[in-house]
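Please read the following note with the sequence and the model side by side. The points are numbered so that each can be checked in turn.

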Amino acid sequence: MPALGATFARRFPFLHDLLTTRLTATLLALAVIFAAAAYGAYGMVIAASNGLVTPYANLIGGDFVVFRTAAELAGSSAIGPIYRIDTFSSHLRALYPGTGAMLFGWLYPPTMFLVVAPLGTVPYLVGLAAWIGAQLTLFSATLLSVWRDRRVLLFALTSPAVLQTVITGQTGMLTASLLALSAYFAQSRPLIAGLAAGALTIKPQLGLLIPVAFIAGRCWKAFVYATATAVLLAALALVVYGGDSWSAFFAALTSHGDRMQTTGFPLSKLVTPYGAVRLVGGSATSAAVLQLAASVSLALYVGLAWWRRLSVELRVAALLSATPLATPYAFYYELAICVVPCLMIAREAQRSGWLRWERASLVALWVAAFLPPGAETIPAVPVSFLVALAAWLVCARRVLPALRDARAVTT
């Protein structure tokens, strides 16, 4: 192999230079080219749209319509009907005819109304631009706060995982930012970590492992701040939207759990073990059992990583890479969460040296996030789950040996 490398360097010195000493610049250039092509294609779809309806008979901004419509309804009517999927879908079809079944539901806790409320007061496209722009700003600021390198920021913002969040109008960058702030600053700046963790209760299923991490890591101040923030947000939502909003939310969770077991549920879009088992033909019971086992195992894994006080990079990598897999309900647009732990692994590698094939694995993950969810026929390949699992494996390759070494030191 060394002789082959030397021959390649002698015959193609420019290419060899691009792939070795200038590899970072090469990858950045390719990332920018991809982003330009992807966003250019998305711009062409928008330009060819008839009003808000794209040539593919869906709305510009995808799921953003859910946030805007819920904000509009919350400001003008009772909250309860918003949580009924049949009522909500009927309202969407009436507002936007010619866009299909519009089988969207509102499954967020009432605290999310506090976040999206301004979206119901502005025109659709203005709200969409503000929604995406605010998330990009928060995500960029978060990444720069944990790694002050503009090249890292460029890699992250041009990643297909971020693209998926942008074109779907979803919350991937918001949840990734809140998780990153919660994990990275849990010990050094507990107020920031606690506020972020408390705010993440807008999507509570993604915060299941945060209490485990805070308690195992003895991050008591962050835990207190997070609890206080969550309680205050819940109380504020209770005052603003009434007690019926919370009862409707919990009722919607129950009915949605039943819907996840039906044939028409988009299982291929889930990144979770539950979704993977169901997609390949497993029963709801077997999927639930595997999900429970995975969730408990991941909680123990994260707890150990924080209890042993590994480096902050490895603690962040352990928590954020495990998060999408620890809940039965997380979709492919949440893969933006996996961007942060992959960056933390790269930062750890810069300090301690790259493992064999580690750099190539991170590049492959960057590309893999572009893969669309698999076909919704059973059996099928759970593409989104495999991407999330691969991200966890790349991180665990660093975390597990560090846990072993930390245990050896203390025994």
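1. Which handedness, left-handed or right-handed, has the crossing of α11 and α13? The crossing of α11 and α13 is right-handed, where right-handed is the term used if the near helix is turned clockwise from the far one by less than a right angle, and left-handed if anticlockwise.

2. Before going on, please keep in mind that this is a predicted model, in which local features need pLDDT of at least 70 and side-chain atom pairs count only at pLDDT 80 or more, while totals for chains, interfaces and linings use all residues. Residues are numbered from 1 along each chain as its sequence is written, and side-chain values use heavy atoms, with hydrogens and water left out.

3. The axes of helix α11 (residues 190-199) and helix α13 (residues 220-241) come within 7 Å and cross at roughly 40 degrees. The two helices are therefore oblique to each other, given that angles under 35 degrees count as roughly parallel, over 145 as roughly antiparallel, 65 to 115 as roughly perpendicular and the rest as oblique.

4. Helix α7 (residues 124-146) and helix α9 (residues 160-168) pack at an angle of about 155 degrees, with their axes 10 Å apart, which makes α7 roughly antiparallel to α9. In this pair, Ile132, Gln135, Leu136 and Phe139 of α7 meet Val162, Thr165 and Val166 of α9. By class, that contact has five nonpolar, two polar and no charged residues, where Ala, Val, Leu, Ile, Met, Phe, Trp, Tyr, Cys and Pro count as nonpolar, Asp, Glu, Lys and Arg as charged, and the others, Gly among them, as polar.

5. A search of the whole structure finds one cavity of 30 Å³ or more, a cavity being a set of points on a 1 Å grid where a 1.4 Å probe fits but cannot get out, with lining residues having an atom within 4 Å of a point. The lining of this largest cavity includes Tyr332, Leu335 and Ser384, and α20 gives the most to the lining, with three residues.

6. The second largest pocket, an open set of points with protein on both sides within 12 Å along at least five of seven lines, has a volume of about 730 Å³. Of the 30 residues that line this pocket, the closest to its centre are Phe155, Leu343, Leu362, Val363 and Trp366. The lining residues divide into 24 nonpolar, three polar and three charged.

Key
Axes fitted to C-alpha atoms, helices over the stretch in contact; angles between N-to-C directions. Helix = DSSP H or I, 4+ residues; strand = E, 2+ residues; numbered from the N terminus. Contact = heavy atoms within 4.5 Å. Points joined across faces, edges and corners; volume = space filled by probe spheres on them.
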